[in-house]
Amino acid sequence: MASKIITKGLKRTALSVALGMCFAGSVYAQSNSTGNIVGQTTAGGTVVVENPATGFRREVTADAAGNYRVGNLPIGTYKVTAGGQTKDVSVSLGGNAQGSSLGTVTVQGGRSINAIDVASVESTTILTAEQIAKIPVPRNITSVALLAPGTVRGDAAFGNLASFGGSSVAENAYFVNGFNITNAFQNLNFGQIPFEAIAEQQVKTGGYGAEFGRSTGGVINLVTKRGSNDFHAGGNIFITPNSLRGSDPNIYSAGGFNVATGATDTSSLLIDNSKDDGGSNTTASIWASGALVQDRLFAYALLQYGRNNGAETFGVGNLTTNTSAANKSPNWLVKLDWNISDSHLLELTAFSDSTKTDTRVFETVPGTSNLGRGALLGTIFNKAGGDSYALKYTGYLSDNFTLTALYGHGKSSRANYGVTAGGVREEYQGNVGGPVAGCPIIADIRVGVSTGAVPRIKGCGFIGLLGSVKAQDQRDQFRIDAEWTLGDHLLRFGYDGDRFRSFAGQSQEGGVQWRYSGNPAAPASLRVRRGIFQTGADVEVDSKAFYLEDRWQITDNFLAYGGLRWDSFDNKNGDGQSFVKIDNQFGPRFGFSWDVNGDQKFKVFGNAGRYALPLTATVAIRGASKSIFSQERFRYTGVDPVTGAPIGLTPAPNPVCGPPGYIGICYLNNEFGVAKDPRTIASQNLKPMYQDEYILGFQAQLTEHISGGVRGIYRDLKTAIDDQCDDRAVADWAAENPGWETPGHTDYDPLNPAHPFCKLYNPGSDIVAYSDVNADGKLELVTIPAAKAGPKAKRNYKALEFFAEGNWDKFFLQASYTWSQSYGNTEGGVKSDIGQADTGTTQDFDYPELMIGSEGFLPNDRRHSFKLFGNYEINDEWSVGASLLVQSGRPINCIGIYSDDPVGYANSYFSCDSGAPAAGSSDNGSSIVQRGTAGRTPWSRNLDLNVAWKPAFADGHVTLKFDVFNVFNEHAVTAVSEAGEDGVGNPLTSSTYKTPASFQAPRSARFMIQYDF
């Protein structure tokens, strides 16, 4: 007999049918791909749940109080029958649809708001495919996620990604039909499900249960469309023509544009955007679904093809190249569902998100005032994405016990190569020390080159850093989840294992960079430096987790949630050796939901939880595996006219390392091209990055058609992971520990393969790491006190979110206002200040000096954010939709040279002559400019509109739609150049400092025509 669980309060009222209009104000129970039906009938009564579209049927028995629950149901519309009456109920992802008190159902006129889900403590937004189609929103997962309160768009340097609750864009998790599609190489990508195939998108912004982990940001959970007994097919095409697309404003030097008057000095043009465009985008899809075996076996299949023709950038001034790119995406998805019986279901999800991009690179012609486009240098070929498969079993083993099991495999490419205009193929296999095909990189800093008095030495290189033609990622995931009802308790528990493997590598074009220096007027001073940089390794991240959670209905109106999660992470280098292994990181989570009046119209809720994040795979490529970083200096007699490489080489003194007059190769950062000892890579007391979160709020049904609420959020980063590279602290330890192996460590040698240059640690903690300090072949355990290593990592996020939704017969809307503040000294895994995507190993914390002045408002701090979207059906044929986003700007820094650059990082400090100095902090002409105190980018306003027409003569089978994005073509600056000084301390305030780095997307228009039957 089913037990009384989370639905006691339902006996006090009869509720209307849940309609699936689930907005940000609603808070739902966690689930990775299903929903639930809960309700009440007569004590011990039989409840039948059926889906006519698939023939699925379940029969359960209500408990002694008449309560029932049918869990883990695929999303869809069900008929619930009890006590001789039947009602339709819509089940959404993760929701508790109300079967209600059958026998006493009240029929309400018009379309009313959803009943508040008092069975959940999460903060979640759910949008269905039907809703998304009605509002003007770009057709990608991130754009839909940005409709939720508490989300902001991340820096453009990392692509189209969202920041959740102040976290960096590298801290989110992504799922489709329960399968993890997060790309754990850098955590800056995820499987791109063909957008037309998405049935529902769930956005978890906080408070998610112990089932979900490996995220300190948010969770995006997708469910795809599926087949039914009825045959459906159709197709659509979306066209964004280049002729209706706007362009970004031109960018002038910092002194070239007067904001107050609008006057422009055209001679100071840096980047000419007048001809920039995103190309013409076209995406076409065809699909079909139906039953292969009536009531038992169903299929949904979709083929989607996208193409962007001729996305171009042009540049003048300090840009050396400009580009023209085209990409194509032949994607597909297949979903098979087999109802083996009413108690056993099997489903297969398979999809491809392959994309190929060809980018032609042109030389920029110095001094031109229009396009600046010169000769074609070559073409870069990139391949991304691949195929993924997931098989999931669901077994309803009894009324009270459900078991699910999933296995998934995915493979995704990151291949890269180039072909010069002369037909030379540029390619790197990823083998450190191996050959690299192509032309070398040429840099020329000889006296007179920058002014044009001396012609610049050119080569045929155009890419810079090559990736590997073999680069790819693979994932194998297995998880098992169980749900068990025991009296007033709903228990859920499970295991999640994830093995993520990556092969990656980088090398300069042609395998080498030649850097010319000296004064051509004094030939004896001419030198050329040969630099080699190569990485390449096959690395792995193994993660596993166990979780247990209990939803305890303590009283009719009060539910308590308790969850426990244990995460284990094992990072392996290119030789398959573990260099970071963390077992059973404990993550408790607690919450409550109080149905104040017992009628599901006023709910108070709260939760507290701890969330952990593993290291990404990219950390091991350079930090824990073979890599080469070397320099040599030569005299030369001539230059190859095609490649730009020097000829007639003779060795010259190399002052970078070694005594005066030293001639030979210099290895930097201890990157010798040999294997690294895994015991030396990380501090022995390393903990994963983890964060604590607290949420308290309420939600109320204000009228039959309007509900709203507010919640307060506080997030506190307790521990971060980054690398520290300060050998001075190791030298101090050697000097302070006489008698350890070699007395006094007089042979201390930082350029020692067994002495790591950088070590992973938790900023704010002691570094306890092994190192062969004196190159005697033995490892010493070196302890560097936290006070000497650098400051503790800090990041906290505070927010108040106000949300409301309205739902009438022909009109729906959702609105939210978020006040938030993100403060600390680290953004997280990446560094938006300089666009650094080295997830987990940014330049933060490399040396203590880099962190002086680093505490302040962080890049994802958007103090005010107002969002409003909805749709109005004018009649059966016409409807209009709108979306409005008004948001304040992000903080600006001034980054430059500090105190004669004590650690050799050039303009990487929070220090500028141009900034206002902190009291008493000026040193050698440089002044500390505290993080976030150099101003803010302006507010942005974005209004999108659409109109849709379903002509009556087509009987609803044809839809035509026209969307306009950024209707008023606003050009708010979303990021600026934050370098206030160049690499040798010269101020950039009159040239490039605070010049725009990115703008909000300009106006564009999109046409759609769709036919389905």
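What covers the buried residues of helix α4?

Modeller: A caution to begin with: this is a predicted model. The cover over the buried residues of α4 includes β47 (759-761), β49 (780-784) and α5 (786-789).

Now the helix itself. Helix α4 spans residues 727-736. Its buried residues are Asp727, Ala729, Val730, Trp733 and Ala734. Seen down the axis of α4, they fall within an arc of 155 degrees, so they line one face of the helix. An α-helix has 3.6 residues a turn, so residues three or four places apart point the same way. The other side of α4 carries Ala735 and Glu736, which are exposed.

Threonine 142 sits in helix α2, residues 141-145. The relative accessible area of threonine 142 is 3%, and buried means under 20%, so this residue counts as buried. Leaving aside residues up to four places away in sequence, threonine 142 touches Asn160, Leu161, Ala162 and Phe190.

Next, the strands. Strands β36 (residues 558-572) and β37 (residues 578-595) pair antiparallel through 14 bridges. Within this pair, alanine 560 has phenylalanine 592 of β37 as its bridge partner. The hairpin of β36 and β37 has 5 residues between the strands. There, glycine 576 adopts a positive phi near 75 degrees.

Strand β37 also pairs with β38 (residues 602-613). These two run antiparallel, joined by 7 bridges. Tryptophan 594 lies opposite valine 604 of β38. Between β37 and β38 the hairpin has 6 residues, and glycine 598 takes a positive phi near 75 degrees.

Last, an open sheet. Its 4 strands follow the order β3-β2-β5-β6, with antiparallel pairing. At the edges stand β3 (56-61) and β6 (85-91). Each has a single partner strand, so one side of each is left without a neighbour in the sheet. On average, neighbouring strands of this sheet are turned by 20 degrees against each other, direction ignored. Strand β2 (residues 46-51) is joined to β3 by 6 bridges, and the two run antiparallel. In that pairing, valine 49 has arginine 58 of β3 as its bridge partner.

Back to the part you asked about. Helix α4 has its buried residues along one face, with β47, β49 and α5 among what covers them. Ala735 and Glu736 are exposed on the other side.

Conventions: Residues numbered from 1 in each chain as written. Predicted model: local features only at pLDDT ≥ 70, side-chain atom pairs only at ≥ 80, totals over all residues. Heavy atoms only, no water. Pairing = 2+ DSSP bridges. Axes fitted to C-alpha atoms, helices over the stretch in contact; angles between N-to-C directions. Buried < 20%, exposed > 50% of the residue type's maximum accessible area, 1.4 Å probe, protein only. Arc of directions from axis to C-beta. Contact = heavy atoms within 4.5 Å.
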